[in-house]
Amino acid sequence: MAGQVVGIQPKVLRWARDRAGYSVEDIANQLKRDPAEVRAWETGDAAPTYAQLEKLAYDLYKRPLALFFLPEPPQEADVKQEFRTLPNAEMDQLLPNTRYLLRLGQAFQLSLKELTEGINPSEHKIFKDIKLTDAAQIPSVAQRVREYLEIPMDTQSDWGSTDEALKAWRNAVETAGVFVFKQSFKQKTISGFCLIDAEFPIIVINNSTTKTRQIFTLFHELSHLLVGVNSISKVDDAYIDELPSQEKRIEQICNALAAEILVPSKDFLNQVEQFQILDDNAIQALANRYRVSREVILRLSLKSGDISQAEYTARISQWASKNGASSRSSAGGSYYATQATYLGDNYLQLVFSKYYQGKIDIDQVAEHLGIKAKNVADLEAQFSGRGSAA
């Protein structure tokens, strides 16, 4: 066929499609072509046009165009090998957007190493100073984490909103050496993920979830970094029961540590004693004190014996039916406000400081920020003219 691109490697086309999580039929539908034609590209019996290759590379596979001319696919760790905190069936259901965001997280780690010559700029690094290896350590490790982040209970209880709480917690975690990014996941069931690294572990949070969920996700993923295990977590944690025993134990430990950090047991028990009955109003008051969801408070109440399993199940079911259209968070009213929130103050400051020092040019700034060069000035103006991002 006229216009076919010469030199494309069929095995790389197959590899890129598989890594992105698409079937041949998916690609055919996206390109409005017959599946047989796509299969012919992947066997070498035909080749896409340049316009089709651009669509594949930039819109669907999220890969550089030059990749498809390499003699062999690049070496990348398999998702199932890198992330063992989801059952295999759940891993197979990861959407292409989620797989892309995992690669984007890895790209952020590479950018951080490039921008800092491989040395984390934080004076104190929580992932090096605090480790978690056993469930029995949870109370002491949680206390150490709070002390490390320098946020006492009095400060936490004075926050006026979950938005303020999320900003404060995110800043504290980043000050402790862990960069925190946000994205709007198309796969709404995913709450976030973390990627371990000797110098630049990162956390990526689904900005489409509620602020209380984002706060819990932040500390669930931080817990994974302290354990030293990559994680992809879901909003509904029922999947944990399907995991092998070792992975199940890790998830349970991370959930417990996140809850203990956000709601210290001693303070919680003292607060519960002030209520004659743990009705919905009492639970909401406790949730407001710690800036967590009612579900977290209810789970802790079940654990402490203040409510029964039947009460727990009934309340969860009741809330679920009432909150079918739960409110979602919003990053802001513009593309630039959204990007500033997603990238975060600390990362933006790092990138722009290198630019101001003349160490990187505007094209490199755009590459590190994941935007087009023509948009850099407007994002810079948004960053320099606003307060701290959530």
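In what order do the four strands of the open sheet lie, and what is the sense of their pairing? In this predicted model, the strands are arranged as S1-S3-S2-S4, and the pairing among them is mixed. The edges of the sheet are formed by S1 and by strand S4 (231–234), each of which pairs on one side only. Direction ignored, neighbouring strands of this sheet are turned against each other by 15° on average. Helix H7, which spans residues 96–116, packs on the sheet and touches S1, S2, S3 and S4, and its direction makes about 35° with that of S2.

With strand S1 (residues 179–183), S3 pairs in the parallel sense over five bridges, and here Phe-179 stands opposite Ile-202 of S3. With strand S2 (residues 190–195), S3 runs antiparallel, and four bridges join the two; Gly-192 has Ile-205 in S3 as its bridge partner. S2 and S3 also form a hairpin, with six residues between them.

Is strand S3 enclosed or open to the outside? Five of the five residues of S3 (residues 202–206) are buried, so the strand is largely enclosed by the rest of the structure.

The spacing can be understood in general terms: an α-helix has 3.6 residues a turn, so residues three or four places apart point the same way. Just after H15, Arg-291 takes a positive phi of about 55°.

A further point of interest is a contact between two helices. Two packed helices are described by the angle between their axes and the distance between the axes. The axes of helix H1 (residues 10–20) and helix H3 (residues 35–43) come within 6 Å and cross at roughly 120°, and H1 and H3 are therefore oblique to each other. On the H1 side, Pro-10, Leu-13, Arg-14 and Arg-17 take part, and they meet Trp-41, Glu-42 and Thr-43 in H3. Sorted by class, this contact has three nonpolar residues, one polar residue and three charged residues.

Notes. Residues are numbered from 1 along each chain as its sequence is written. This is a predicted model: local features need pLDDT of at least 70, side-chain atom pairs count only at pLDDT 80 or more; totals for chains, interfaces and linings use all residues. Side-chain values use heavy atoms; hydrogens and water are left out. Axes are lines fitted to C-alpha atoms, for helices over the stretch in contact, and angles run from 0 to 180 degrees between N-to-C directions. Angles under 35 degrees count as roughly parallel, over 145 as roughly antiparallel, 65 to 115 as roughly perpendicular and the rest as oblique. Contact means heavy atoms within 4.5 Å. Ala, Val, Leu, Ile, Met, Phe, Trp, Tyr, Cys and Pro count as nonpolar, Asp, Glu, Lys and Arg as charged, and the others, Gly among them, as polar. Buried means under 20% relative accessible area, exposed over 50%, partly exposed in between (1.4 Å probe, protein chains only). Two strands pair if DSSP finds at least two bridges between them.
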